[in-house]
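Me: Got a model open here and want to talk through the packing. Can you take a look with me?

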Amino acid sequence: MTAPRPDAFDDLVLRHVATALGVAPADVAPGAALAGLGLGSVQVLALLGDLEDVLGVDLDPEAVVDNPTPRALAVHLRGVVDGAGPAAGRPSSSSERSCPR
């Protein structure tokens, strides 16, 4: 898979957060806390699952705790896809995704 260009990660995260919230991507502030935007834990897990499917990587739910804004999450995802993140190289697993670690 070809890695998306850097700003594509921002667009990707904003699109998925907006979908989870039922709003337009333009209505999601990149620097706003995900919890402050109204995403609950179930929505965050679904968001991570969607991002895992799109990017083909396994993401630890702690990624949202450590990267609590759409912009920070996009930077983290860029690192994971580029091989610099802690989840890089791990195959995606739907059974692991359903249970927080």
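Me: What does Leu 51 touch, leaving out residues up to four places away in sequence?
Reply: Leu 51 touches Leu 12, His 16, Gly 56, Leu 59, Leu 73 and Leu 77. Contact means heavy atoms within 4.5 Å.

Me: What should I know about the source?
Reply: This is a predicted model, where local features need pLDDT of at least 70, side-chain atom pairs count only at pLDDT 80 or more, and totals for chains, interfaces and linings use all residues. Residues are numbered from 1 along each chain as its sequence is written, and side-chain values use heavy atoms, with hydrogens and water left out.

Me: Which residues touch the most other members of the largest nonpolar core?
Reply: Val 17, Leu 51, Leu 59, Leu 73 and Leu 77, out of 22 residues. A nonpolar core is a set of buried Ala, Val, Leu, Ile, Met, Phe, Trp, Tyr and Cys residues joined through side-chain atoms within 4.5 Å. Buried is under 20% relative accessible area, exposed over 50%, partly exposed in between (1.4 Å probe, protein chains only).

Me: Which helix gives the most to this core?
Reply: Helix 1, with six residues. Helices here are DSSP runs of H or I, at least four residues, and strands are E runs of at least two, numbered from the N terminus.

Me: How many helices and strands in total?
Reply: Six helices and zero strands.

Me: Now helix 3 against helix 5. What is the geometry?
Reply: Their axes come within 12 Å and cross at roughly 35°. Axes are lines fitted to C-alpha atoms, for helices over the stretch in contact, with angles from 0 to 180 degrees between N-to-C directions.

Me: And which residues meet there?
Reply: Leu 47, Leu 51 and Leu 55 in helix 3 meet Leu 73, Leu 77 and Val 81 in helix 5.

Me: Why does the length of helix 5 agree with expectation?
Reply: Its 13 residues should span 18 Å at 1.5 Å a residue, and the end C-alpha atoms are 18 Å apart. The expected span is 1.5 Å times one less than the number of residues.

Me: What follows helix 5?
Reply: Gly 83, with a positive phi near 95°.

Me: Switching topic. Is Asp 27 buried or exposed?
Reply: Asp 27 counts as exposed, because its relative accessibility is 56%. Asp 27 lies in the loop between helix 1 (6-21) and helix 2 (34-37).

Me: How far is Asp 27 from Leu 14?
Reply: 9.1 Å in space, C-alpha to C-alpha, and 13 residues in sequence.
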